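Here are my notes for a first look at this structure. Please read them with the model open beside you.

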Amino acid sequence: MSHEPPLTGIRVLEVGNYMAAPFCCMQLADLGAEVIKIEHPEGGDAMRASGPFIEGEGTHFIRLNRNKKSIVIDLKSADGKRVFRQLISGADVFVENLRPGTMKDLGLDYERMREVNLRLIYVSLSGWGQDGPLSQLAGLDIMAQARGGLMSITGLPDGDPVKVGVPISDLTCGLYGALSVAAALQARHRTGRGQYIDVCLFESAVSFAIYEAGNYFANGTIPKPQGSAHQNSAPYQAVRGSDGWFTIGVPSPILWKAFCRALDLERLEQDPRFAERNLRFRNRDALIAEIEAVTSTKSTDHWLAVLEEAGVPCAPIQHFGQVFNDPQLLARDFFWDAPHPRAGQVRQLGSPMRLSDTPVRRERAAPMFGEHSEAVLRDAGFDEDEIQELLREGVIRSAS
């Protein structure tokens with residue numbers, strides 16, 4: 001039985017900058033694909049210059065581009081395009097997140113590349129999509145969160161606009177990209193043909209609006225920020241202890257009964273305002289006031305222990321200093337150290353994908369700028385004289 005990662009043998013080319021495409025290809029690399037990151041000669045991926053730094057190397061780049069190879073090519077030059085086409089001829093997947101139309105301007109768009117390789121899966125990630133009236137506008141994560149509605153429901157009621165704390169549109173766009181690649185590889189297995197994939201930050205953000213769409217399309221309700229409270233359930237939010245906050249979730253009748261008994265609030269079970277889930281949600285403010293009158297008398301640790309014992313979902317609100325040392329994550333070996341040629345061992349976030357027979361790979365941190373330029377070209381069939389000529393002309397760059 002093979003224990004190699006599931007995408008072993010799949011070759012991916014990436015022209016990625018910042019977050020969406022690199023995060024997409026990080027998933028594919030974790031799953032075993034050979035990911036060759038093609039970088040521009042003038043500094044490469046802008047994340048390389050994003051601090052903090054370890055021995056001059058950007059720590060965000062080191063983590064976001066793990067398990068990849070780096071080759072530096074000037075795609076604006078005729079020889080650079082020739083090199084790219086040669087690489088495409090042997091690739092399974094190509095992923096880019098340049099502004100829509102850029103690859104076409106370079107003469108390296110899907111229609112041209114499918115003539116080179118009919119089996120190629122070509123993925124374009126962008127802010128707003130490859131067509132439509134917004135397609136040519138610059139699109140960053142915060143813009144997608146704003147236009148996509150996420151900022152309209154994030155934060156406290158009547159508070160200033162707040163975005164989700166992580167670049168959720170960027171990251172989800174990358175995940176949808178990786179999922180699309182997996183699906184397209186399966187489709188290619190049946191048809192023998194690749195295809196074009198268009199994923200954008202905007203639609204990725206809107207795809208989260210499951211409850212919001214349910215409310216709006218059912219009765220026209222436009223959701224508003226609710227702080228930590230749930231869109232359709234109560235109690236399901238952060239509540240106050242004597243020394244801070246903790247979270248609770250009580251979505252079912254069985255849990256409601258267990259919750260009331262754990263807090264000695266059995267009287268709430270008989271209160272007509274809270275007789276069933278919809279009433280508890282409708283009378284949430286009064287319900288939370290009753291609950292916090294009790295929970296504010298003792299510590300969060302006390303209530304977490306009580307609720308855990310009763311089988312009621314609850315959790316502390318941890319800062320990342322606590323998260324990165326969480327006993328559950330440590331027990332499951334989530335974090336790992338990846339070797340880097342200059343920065344040494346670099347702590348990595350693990351992959352949430354745990355496959356029993358074909359586990360994700362944990363090999364190395366991100367590559368140095370142009371670290372694999374020569375090796376990749378040799379593997380693609382270029383002889384040594386050609387490679388040295390490309391180096392002299394500045395078409396490619398090498399770290400060596």
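1. The side chains of D79 and R82 meet in a salt bridge, 3.5 Å from N to O. A salt bridge here is a side-chain nitrogen of Lys or Arg within 4 Å of a carboxyl oxygen of Asp or Glu. D79 and R82 both sit in helix α3 (residues 78-89), three residues apart, about one turn of the helix. Helices (H or I, at least four residues) and strands (E, at least two) are DSSP runs, numbered from the N terminus. D79 is partly exposed at 26% relative accessibility, and R82 is partly exposed at 34%. The cut-offs are under 20% relative accessible area for buried, over 50% for exposed, and partly exposed in between, with a 1.4 Å probe and protein chains only.

2. A word on the basis. This is a predicted model, where local features need pLDDT of at least 70 and side-chain atom pairs count only at pLDDT 80 or more, while totals for chains, interfaces and linings use all residues. Residues are numbered from 1 along each chain as its sequence is written, and side-chain values use heavy atoms, with hydrogens and water left out.

3. The salt bridge count comes to 24. One of them joins E14 and K37, with the closest N and O atoms 2.4 Å apart. This pair links distant parts of the chain: E14 is in strand β1 and K37 in strand β2, 23 residues apart. E14 is buried, with a relative accessible area of 0%. K37 is buried too, also with 0%.

4. R66 pairs with D30 in another salt bridge, the closest N and O atoms being 2.7 Å apart. Again the link spans distant parts of the chain: R66 lies in the loop between α2 (59-64) and β5, D30 in helix α1, 36 residues apart. Both R66 and D30 are buried.

5. Now the seven-stranded sheet. It is open, with mixed pairing, in the order β8-β7-β6-β1-β2-β5-β14. Why do β8 (196-200) and β14 (396-397) stand at the edges with one side left without a neighbour? Each has a single partner strand, so one side of each has no neighbour in the sheet. Two strands pair if DSSP finds at least two bridges between them. Strand β5 (residues 68-73) and β14 run antiparallel, joined by two bridges. I73 has I396 in β14 as its bridge partner.

6. Helix α1 (residues 20-30) packs on this sheet, touching β1 (11-15), β2 (34-39), β5, β6 (93-96) and β7 (121-126). Contact means heavy atoms within 4.5 Å. The direction of α1 makes about 165 degrees with that of β1. Axes are lines fitted to C-alpha atoms, for helices over the stretch in contact, and angles run from 0 to 180 degrees between N-to-C directions.

7. There is also an open sheet of three strands, antiparallel, in the order β9-β10-β11. Its edge strands, β9 (236-241) and β11 (314-316), each pair on one side only. The twist averages 30 degrees from one strand to the next. Three bridges join β10 (residues 244-249) to β11, and F246 stands opposite P316 in β11. Helix α12 (residues 284-295) packs on the sheet, touching β9 and β10, and its direction makes about 35 degrees with that of β9.

8. Last, look at L329. L329 is in helix α15 (residues 327-331) and is partly exposed at 24% relative accessibility. Leaving out residues up to four places away in sequence, L329 touches V323, F334 and F335.
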